[in-house]
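Have a look at the sequence and the model first, then read on.

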Amino acid sequence: MGGIKLKYSEQDLQEFKEIINNKIALAEKDLALLKAAYKNDADNGTNDTSSSFKSFDEGSEVMNKEKNVQLAIRQEKFIRDLNNALLRIENGTYGVCRVTGKLIQKERLKLVPHATLSIEAKRKQ
């Protein structure tokens with residue numbers, strides 16, 4: 001039975017599942033920190049040290065808050081993509097390029113476990 005392998009083995013999928021679950025755990029921790037950061041920006045604790053410092057600092061505080069919100073949104077999307085990858089493992093479509101139908105390289109999936117495109121397909125985009 002030569003030809004192209006169309007699915008990863010159970011052992012491979014188990015390995016990918018572990019990688020994904022670890023990344024989800026880290027991403028959720030980061031997300032919690034980001035959310036805490038932009039919720040706490042308002043009552044920072046150092047705000048009452050100096051009134052002149054406070055007014056100077058408010059502009060950068062707003063920018064930091066916006067940056068944290070952007071990072072949080074990106075983190076939420078990342079977590080959603082990883083959860084979708086877990087669903088693909090469950091339904092047997094994980095690691096298959098949605099354009100070429102070929103298996104995505106294992107090295108690529110280890111780095112980007114939520115990838116749905118092979119390098120080949122990505123380059124053609």
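With which residue does K102 form a salt bridge? The partner is E120, and the closest N and O atoms of the pair are 3.8 Å apart. A salt bridge here is a side-chain nitrogen of Lys or Arg within 4 Å of a carboxyl oxygen of Asp or Glu.

Before going further, some ground rules. This is a predicted model, in which local features need pLDDT of at least 70 and side-chain atom pairs count only at pLDDT 80 or more, while totals for chains, interfaces and linings use all residues. Residues are numbered from 1 along each chain as its sequence is written, and side-chain values use heavy atoms, with hydrogens and water left out.

**Salt bridges**

Back to K102 and E120. The pair links distant parts of the chain, 18 residues apart: K102 is in the loop between α2 and α3, and E120 is in helix α4 (residues 119-124). Helices are DSSP runs (H or I, at least four residues), numbered from the N terminus. K102 is partly exposed, with a relative accessible area of 36%, and E120 also counts as partly exposed, at 35%. For these labels, buried means under 20% relative accessible area, exposed means over 50%, and partly exposed is in between (1.4 Å probe, protein chains only).

E120 has another partner too: K124 forms a salt bridge with E120. Both of these residues sit in helix α4, 4 residues apart, or about one turn of the helix. K124 counts as exposed, at 65% relative accessibility.

In total, the structure holds 8 salt bridges. Three of them are set out below.

| Salt bridge | Closest N and O atoms |
|---|---|
| K106 and D12 | 2.5 Å |
| K102 and E120 | 3.8 Å |
| K124 and E120 | 3.9 Å |

Take K106 and D12. K106 lies in helix α3 and D12 in helix α1, so this bridge ties together parts that are 94 residues apart in sequence. D12 is buried, at 11% relative accessible area, whereas K106 is partly exposed, at 25%. The two also belong to a network of salt bridges that links D12, E15, K106 and K110.

(Lys and Arg count as positive and Asp and Glu as negative; His and the chain ends are not counted.) Leaving aside neighbours within four places in sequence, R108 is in contact (heavy atoms within 4.5 Å) with A115, L117, S118, I119 and K122.

**The nonpolar cores**

In soluble globular proteins, nonpolar side chains tend to be buried together. A nonpolar core is a set of buried Ala, Val, Leu, Ile, Met, Phe, Trp, Tyr and Cys residues joined through side-chain atoms within 4.5 Å. The largest one in this model has 18 residues, and those with the most contacts inside it are Y8, L13, F16, I20, I89, Y94 and L109. The elements that give two or more residues to this core are α1 (10-40) and α2 (51-91). Its largest share, 5 residues, comes from α1.

**Rings in a cluster**

How many aromatic pairs does the structure hold? There are 2. Rings of Phe, Tyr and Trp (its six-membered ring) pair if their centres lie within 6.5 Å; planes under 30 degrees apart count as stacked, over 60 as edge-to-face and the rest as tilted.

The rings of Y8 and F16 have their centres 5.2 Å apart and their planes at 75°, so this pair is edge-to-face. F16 and Y94 also have ring centres 5.2 Å apart, but their planes are at 50°, so this pair is tilted. F16 lies in helix α1 and Y94 in the loop between α2 and α3 (106-111), so the pair ties together parts that are 78 residues apart in sequence. Together, ring pairs link Y8, F16 and Y94 into a cluster. Y8 is buried at 8% relative accessibility, and F16 is buried at 0%.

**The start of the chain**

L6 is found in the segment before α1. L6 counts as exposed, at 55% relative accessibility. Beyond its neighbours within four places in sequence, L6 is in contact with V96, G101 and L103.
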